[in-house]
Amino acid sequence: MAGTLLPPLDFFIVNLAIPSIQDDLGGGDILGQQIVASYAATYAVMLTLGGRLGDLYGRRLVFLVGLVGFALASLLCGSAGEPWLLVVGRILQGLTAALMAPQSLALIRASLDGRDQTIALGFHGATVGLAAVIGQSLGGLLVTADVWGLGWRAIFLINLPVAALALLGSLFLHDPHTRGVEKLDWVGAILLFTGLAGIVIPLLEGQALGWPRWCFVLFVAAVGLLYRFWRYESALGGDRPRGRRVMPLVPPGAVTAPGVRIALAAVALFYSIAAFFLIFSEHEQAVGRTPLQASLDILPLGIGFLIGPLTVPHLMRVMPRRIAALGLCLETIGFLAFAGLVAALDQTPWAAAPLALIGFGQGLALPSLIRITVTHIPRAFAGLASGLVNATLQISAALSVAIVGGVFYAAAGAYGSTHAITAVSILIAVLLFVSSLLSLRAERVPSLETPAKIVGAHDPEGKEGKALSQVRDQ
């Protein structure tokens, strides 16, 4: 859970501390953008590779490397005396977080079955919710408290005791992984990294820079690189000569297995809510709410997000399916109610109930969507499944900020903040409802319908493939 908590926490926690960092180190608005974008971009583009490294070299080992590296990178950020050194530290944080985070979900998938896995996924979702709750307020509180005179540096140094406890706990971590003989697909890794970077970096930077021409050049180049990546992976995953030990970074069969693409599309639309946190903050400032009032106004959403995943195991006793769709529909209703209240009353403090409903629905949907996705991919690729889910969430968040956020700013400039947040809330509600329909469709696909040949690529003796076939026959 530490590997689940720290990466999103360090994304949220810096937001309220950026003004203090700029006052201390200088750099202006450009440094603020770099602090956020350098971490988010590196984390997003490295997640799939981080998950695959765990499959190949052992999830516990890769987790430990990521955990120790993340702690050292946090120490570098907390002691940085120059702007460029802080940006380097943030890049290293994103890199090591991408090694650490996928292993948490992969170990849940590889180590647990049935109800135990459902409970663990509930804790996983609740931990993400906890990171969102803490991250929205902890940064500002630490800067204000000025613990031991550290100021903004405390937001990075607080990671050290958490990492120390996680390192101690990892001594008891069980990893059922047996290291295979495959080598990492470095060519595929480079193609995927550069292709995703060409998408994520413009999405993170384009809005603030007014969408310069280089953003669109990178988009076009990224599409070509990702197409080349897919062709290369397909060729590598075909009839491999005997003795070749290079395994595709993303075996095409694992992604094209029935239900996987639909489930990933549902995950992507589910995270269209990512832009709402930024939009909510902007609207609060526009109507004259203070930062403290704004943090209290959004708190019901975080509390709902924390409670929702913990109810999933109990809810599964009465309805083992369609929980993701239920959560997404609750979010849809919550956003429509929120839009109506804001339009009628022009103040968000009255919207605590729909915000709590949105958070609760999100908490129900997140672990359920993850479960639907990862159970369509064989356990041998648990790290890949985790990396794909996390990367989809991060890229979807960047898309949401760019597209949904762009709609908000355009509407706010023309019609005012209240009309803008009302329109955007309705747009998010529509996207979430489509996600609910996709989740229902993905859930109808049996999770053991994954081709045995995909497993056989990682399991030369075919033991896992035979086991899956026997279960299907039964």
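Tutor: Arg322 is exposed, because its relative accessible area is 52% and the cut-off for exposed is over 50%. Bear in mind that this is a predicted model. Where does Arg322 lie? It sits in the loop between helix 14 (291–315) and helix 15 (323–345). Its backbone deserves a look too. Phi of Arg322 is positive, about 70°, although Arg322 is not a glycine.

Now take Trp211. Phi of Trp211 is also a positive value, near 50°, and Trp211 is a residue other than glycine. Trp211 is found in a loop as well, between helix 9 (186–209) and helix 10 (213–236). Is Trp211 buried, exposed or partly exposed? Its relative accessible area is 29%, so Trp211 is partly exposed. That class runs between the 20% and 50% cut-offs.

Next, a helix pair. Helix 16 (residues 352–374) packs with helix 17 (residues 382–415) at an angle of about 135°. Their axes are 10 Å apart. The angle makes helix 16 oblique to helix 17, because only angles over 145 degrees count as roughly antiparallel. The crossing of the two helices is right-handed.

Which residues meet there? Helix 16 brings Leu366, Ile370, Thr373 and Val374. Helix 17 answers with Ala385, Val389 and Leu393. By type, the residues of this contact divide into six nonpolar, one polar and no charged. Thr373 belongs to the contact and counts as polar.

Terms used:
Residues numbered from 1 in each chain as written. Predicted model: local features only at pLDDT ≥ 70, side-chain atom pairs only at ≥ 80, totals over all residues. Heavy atoms only, no water. Helix = DSSP H or I, 4+ residues; strand = E, 2+ residues; numbered from the N terminus. Buried < 20%, exposed > 50% of the residue type's maximum accessible area, 1.4 Å probe, protein only. Axes fitted to C-alpha atoms, helices over the stretch in contact; angles between N-to-C directions. Parallel < 35°, antiparallel > 145°, perpendicular 65-115°, else oblique. Left-handed = near helix turned anticlockwise from the far one by under 90°. Contact = heavy atoms within 4.5 Å.
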